[in-house]
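Q: Could you walk me through this one, starting with a single residue and its surroundings?

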Amino acid sequence: MLLHALFHWPNGKCRTGELQRALPGISKKMMIQTLRDLEEGGLVHRHVYTVVPPKVEYSLTPLGKRFCEPVEMLFDWGKSNCDALEKFEKNQHKNAKQDEKPAH
């Protein structure tokens, strides 16, 4: 979700607090760790400004933007095919219940 948020962020860069507010449900610790992993992998650029209070902005690298393209296509496909995904989920749930029944 972090890549998706950065991909669609106006001006292509945002601060930590902005990202966290845009992604409710993710802890700050997990978000920072994920951003560091993405930075280490070359998908995200972290820019630290030498001001007080400290200011950090994140943006996608060219590799990050390239990586997001197929992910965004899959995301768009999922939005367009909600009915198929719901049917798949119901089938999975139904099959899991059948597997739980004791054998006679």
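Q: Leaving aside neighbours within four places in sequence, what is Thr61 in contact with?
A: In this predicted model, Thr61 is in contact with Gly42, Leu43, Val44 and His45, where contact means heavy atoms within 4.5 Å. Residues are numbered from 1 along each chain as its sequence is written, side-chain values use heavy atoms, with hydrogens and water left out, local features need pLDDT of at least 70, side-chain atom pairs count only at pLDDT 80 or more, and totals for chains, interfaces and linings use all residues.

Q: How far is the backbone oxygen of Gly42 from a polar atom of the Thr61 side chain?
A: The separation between them is 2.5 Å.

Q: And is Thr61 buried or exposed?
A: Thr61 counts as buried because its relative accessibility is 15%, the cut-offs being under 20% relative accessible area for buried, over 50% for exposed and partly exposed in between, with a 1.4 Å probe and protein chains only.

Q: Switching to Glu57, which residues does it touch beyond four places in sequence?
A: Glu57 touches Lys13, Cys14, Arg15, His45, Arg46, His47 and Tyr49. At 12% relative accessibility, Glu57 also counts as buried.

Q: What is the distance between the side chains of Glu57 and Tyr49 in their polar contact?
A: That distance is 2.7 Å.

Q: Zooming out, what box do the C-alpha atoms of the chain fill?
A: Taken along the principal axes, the box is roughly 70 × 25 × 25 Å.

Q: And what share of the chain is buried?
A: Of its 104 residues, 23% count as buried.

Terms used. A polar contact is a pair of N or O atoms within 3.5 Å; within protein, one must be able to donate a hydrogen and the other to accept it, and residues adjacent in sequence count only if both atoms are side-chain atoms.
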